[in-house]
Amino acid sequence: MTNNLASIGYIVGGGLKESLKVRLTVPAQEVQEGGFVVIESDEWLFYGLVTDLQLGATDPRFADEQSEARLPEQLAGLLHGQTLYTNLEVLPALMLEPGPALDDPAYANWIAEIDAELRPKPRPLPVKTVPPHHARVRLAGPGDIAQIFGKQEEKKNFVIGYTREQGHPVCLDLKQFVQRSSGVFGATGTGKSFLTRIVLAGLIQHDQTSVLVFDMHNEYGFDDISSDDNKRVIGLKTKYASRLRVVGLGKGALIRGQAPDFNLELAESDLQPEDIEMLTRELNLKETTPTTLEALVSTFGRQNWFTAFREMRNGAIIEDEDGKKRPAPDSVAAWASSSGVHQLAAEGLHSKLGRVFRLPYLVENPASDTIGEIIQALEAGQHIVLSFGKHESDLDYLLVTNLLTRRIRQAWEKRTNDFRSKGEREPRPLVIVLEEAHKLLNREMAAQTTFSTIAREMRKYYVTLLIVDQRPSQIYDEVMSQLGTRISGWLGDDDDIRAVLSGLAGREALRGMLARLQSKEEVLLLGWGVPMPLPVRSRRYGEDFWKELQGEKQGKRDQKHILKELGYD
Amino acid sequence: MTAIEIGRLLRAGTSGFVVGCRVNQLEAPSFGALVRVPLENGYQIYGMIHDIHIDDDGLVRQLVTAEAVDQSVIQDNRINRNVPVEMSVLAIGYKQDGRISHLLPPRPALSLDVIYLCESEEICQFTAEGRFGYFRHVLRAAELPIGELLAAHVQQAGQIHRQDGNPGWASAATRELITLLRDDYATLMSVLGALGDALPADELKLGNNA
C-alpha cells in the first residue's frame with residue numbers, strides 16, 4: 001500500500017505515553033492541530049492525530065536573534081532553514097499492517113493467504129508499538145480515512161463531516177453507532193441541534209433503526225426558523241412524511257401551528273409511585289413521601305392510587321351531630337388516619353402533587369392507548385418525534401419521558417426475550433434521543449429514571465440512547481462512561497471537557513483540541529465507538545444536505561463544491 | 001589550455017605546504033584559490049591558498065630607511081628579490097587513480113615540485129565531489145580567518161559553477177557550512193557575515209528552495 005502522497009516530516013522521538021514527535025519539513029501552516037497523519041514504517045502504518053505544533057531551534061540563540069536584519073535575506077533564509085524548525089506532536093491512535101506493496105510479487109501470495117483465512121485480515125489495531133526514528137510522516141489521504149472510518153459507498157456508513165484541512169469525507173458507521181448509547185455535546189449555539197438533525201436523518205435514511213425523539217423545544221418535527229440567521233430549517237417530517245410521525249403532548253396540541261399526527265395523553269393508571277419519587281427535587285417533596293405513597297398503593301392498588309388520591313379533598317371538614325369538627329370521609333386526613341399515615345405528611349404530599357393533578361395531558365381515561373400506538377409504530381419501523389408543545393417545564397419533561405420510556409423498555413425486553421427463547425422476529429433497534437439530558441441523567445436522577453438503566457444495560461435489548469446536552473459535566477459519570485460515540489462541539493467549561501473525555505486515552509492531548517474547536521460546524525468525534533478521535537468539519541444542514549442524502553446518493557463532491565463550502569468561491 | 005604555474009614547493013607537511021614564487025608569477029594566485037601539485041603516476045595534491053606573504057631581507061630594511069631611493073632601485077629590489085614570495089597552502093584533498101578524495105593526502109609533495117593554479121574545470125570537479133568534505137580541513141584550522149577564507153572560496157567557486165550551469169552550488173555550500181557550524185554560534189555568524197559580504201544578492205537565490 002505504498003502511497004506517493006507528499007511527506008511532511010519524519011519521526012524524531014516521543015513514545016506511547018507522551019506523543020510522538022515529528023520534525024516538520026514543510027511550512028508549519030500546511031499542518032493544523034487535529035490533522036490526521038499517517039506514519040509509514042516498513043511493518044506498520046500508524047495513524048495519529050496532530051495534537052500540538054511547537055517551534056524549536058537547534059540553539060536558542062538562532063531563535064533569539066533576528067538574523068534577517070544582519071544577513072542578506074537569502075542567507076538568513078538558508079540559516080533559518082537549517083536551525084529553526086517546527087515539531088509536531090502526534091498522538092498515535094491506530095496501527096495497521098499494510099502488507100506487501102501492490103506491485104510486489106509477494107502481494108498475490110499475501111492476498112491469497114488472507115482469502116484462504118490462513119492469515120487474519122489486516123484491520124486497524126490500537127497502537128502497541130512505536131514507529132522507528134526517521135519514519136516518514138504524511139497527511140492522510142481519502143484512502144486512509146476510508147480505511148479507518150469506512151468507505152462512503154457502503155450503506156451503513158454515513159458521512160458525518162469532512163476533515164478540516166483537505167475536506168476528505170469522514171464516515172460514521174451507523175450500525176456500530178446504534179449498538180451503544182452515544183452523545184452529542186457542545187456549548188449552546190455550537191450547532192448541536194443541527195448536528196442531531198443530520199445524525200437523525202442519517203439514521204432514518206439508513207432505515208435499520210427506529211428513532212424516538214423527545215423534542216422538548218419542538219425543533220425536529222416540523223419546519224423551524226433558525227435562531228441564528230432566520231432562515232427556514234427543514235424539519236424531519238417534511239422529508240419523511242410517511243415514515244415519521246409527530247406526536248403532540250396533550251389533547252388538541254398544535255406544534256408550530258400544525259396539527260401533529262396524533263396526540264399523546266397519559267392514563268393516570270400508568271403513573272407509578274416511582275414516577276412521583278423521581279420528582280422529589282422538582283416538587284420539593286419531603287422524605288416522608290415514599291411511606292405515604294406506599295400506603296396509598298397498599299390501600300388502592302398500583303392502578304388506582306393516583307386517581308383515588310387526586311379525588312380526595314384536602315382539608316375537607318364536616319361537623320358531626322355533636323357539632324364537633326372532624327375530617328370528611330373523602331378527605332386526605334380521613335384516609336391518613338385510617339391507613340396509619342401521618343396526617344400532615346399526607347396532606348403536604350397532596351398539595352404538592354397539585355401540579356401533577358392539574359396536568360391536562362394526564363387523564364383518567366384517555367381516548368386511546370397512545371403509548372401503545374407509539375410503541376407499535378416504533379416496532380413497525382416508523383420514527384416518532386414527541387413534541388412537548390407548550391408543556392415545556394421540567395416537570396412535563398421528566399414525567400412524560402420517564403413514563404413513556406418505562407413502557408418502551410418493558411415492550412423491548414419482552415420482545416427480546418421472545419426472540420431469544422421462542423425464536424420470534426428480532427426486535428428492531430431503537431434509539432431514544434434525549435434533549436437536555438442532564439435533567440434526567442444527573443447524579444440524583446440517574447438512579448431513579450429508566451434512562452440510566454437504558455444507558456447501562458439496554459443495549460442487549462436493542463435500545464440505546466442518543467444524548468444531546470450542553471452540560472455533559474452534569475450527567476452522571478456512570479452514564480457518560482457508557483457512551484460509545486461522543487460527538488462534541490466546542491466546550492468552554494473545564495468540567496464539561498473533562499466529562500466528555502472521561503475514560504478515554506490521550507485525554508490531555510484532546511482537551512486542548514476540544515477547547516480550540518471553531519465554535520460552529522467543527523466537532524470532535526471521539527469515544528470507543530469511533531476508531532480514533534478526529535476533529536471534523538460537520539456537514540452543513542440544508543437543501544444541499546438533503547439532496548446529497550436523498551437524491552444522487554453516490555454523487556461525488558467535486559473540488560469546486562468543496563472549495564465553495566470552505567469559503568473560496 | 002596552458003596550465004598556470006605559480007611556483008615551486010618550499011616546505012610541506014601533511015596538512016599543508018608553502019610555495020615560493022617569483023614576483024612575476026604573483027599576478028595569478030589569489031587568497032582562497034585552489035592549487036594542485038601534480039606528482040608521479042597521476043597522484044595529485046589539492047590545496048587552498050590561505051596566506052600570501054612577502055618577507056623582508058637586509059637590503060629591504062636598508063632601503064626602507066633610506067631617503068630618496070631611486071625608482072629603478074625599488075623596481076630592481078622587487079623583481080630580483082633575494083627571498084621568494086611565499087604562499088601558505090592548506091592541503092584539502094588529493095587525486096589518485098583518477099578519483100578525487102577530500103581526505104588529507106597520504107604523503108606530501110617534495111621540495112621544488114611545481115605548483116599550478118586549478119583550472120575552472122578542475123575546480124568544478126573537485127568542489128562538486130562528495131558532500132563538501134574539504135570544508136573539514138578549513139574549519140579545523142582555528143588560527144586562520146575561516147570566514148574570510150570560505151567567503152573567498154565560495155565566491156570564486158560559486159561563480160565558476162554558475163557559469164558551468166550549476167547555480168545551486170553556492171547555496172548548497174552555504175547550507176553545508178551552516179550544518180557543520182550549527183553548534184558554534186560565534187564562528188557561524190562570522191562565516192555568514194563574510195559570505196553575506198562576498199556573495200551577490202542573487203547568488204543564493206536559485207538554490208534556496210532546492
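**Figure 1. Secondary structure of chain B in the predicted model**. Chain B holds eight helices and seven strands, where helices (H or I, at least four residues) and strands (E, at least two) are DSSP runs, numbered from the N terminus. Its C-alpha atoms fill a box of roughly 60 × 40 × 35 Å along the principal axes. Residues are numbered from 1 along each chain as its sequence is written, and chains are lettered from A and ligands numbered from 1 in the order in which they are written. Because the model is predicted, local features need pLDDT of at least 70 and side-chain atom pairs count only at pLDDT 80 or more, while totals for chains, interfaces and linings use all residues.

**Figure 2. Confidence along chain B**. The mean pLDDT (the predictor's confidence in each residue, from 0 to 100) of chain B is 89, with 94% of its residues at 70 or more. The model scores ipTM 0.83 and pTM 0.78.

**Figure 3. Burial and contacts in chain B**. Of the 210 residues in chain B, 35% are buried, meaning that 20 or more other C-beta atoms, placed from the backbone, lie within 10 Å of the residue's own. Contacts are pairs of residues whose C-beta atoms, placed from the backbone, lie within 7 Å. Among contacts in chain B between residues at least 6 apart in sequence, 74% join residues at least 24 apart.

**Figure 4. Chain A**. The secondary structure of chain A comprises 23 helices and 25 strands. The C-alpha trace of chain A spans about 115 × 55 × 45 Å along its principal axes. Buried residues account for 43% of the 569 residues in chain A.

Technical notes: A residue is buried if 20 or more other C-beta atoms lie within 10 Å of its own, exposed if 12 or fewer, and partly exposed in between; C-beta atoms are placed from the backbone. Two residues are in contact if their C-beta atoms, placed from the backbone, lie within 7 Å.
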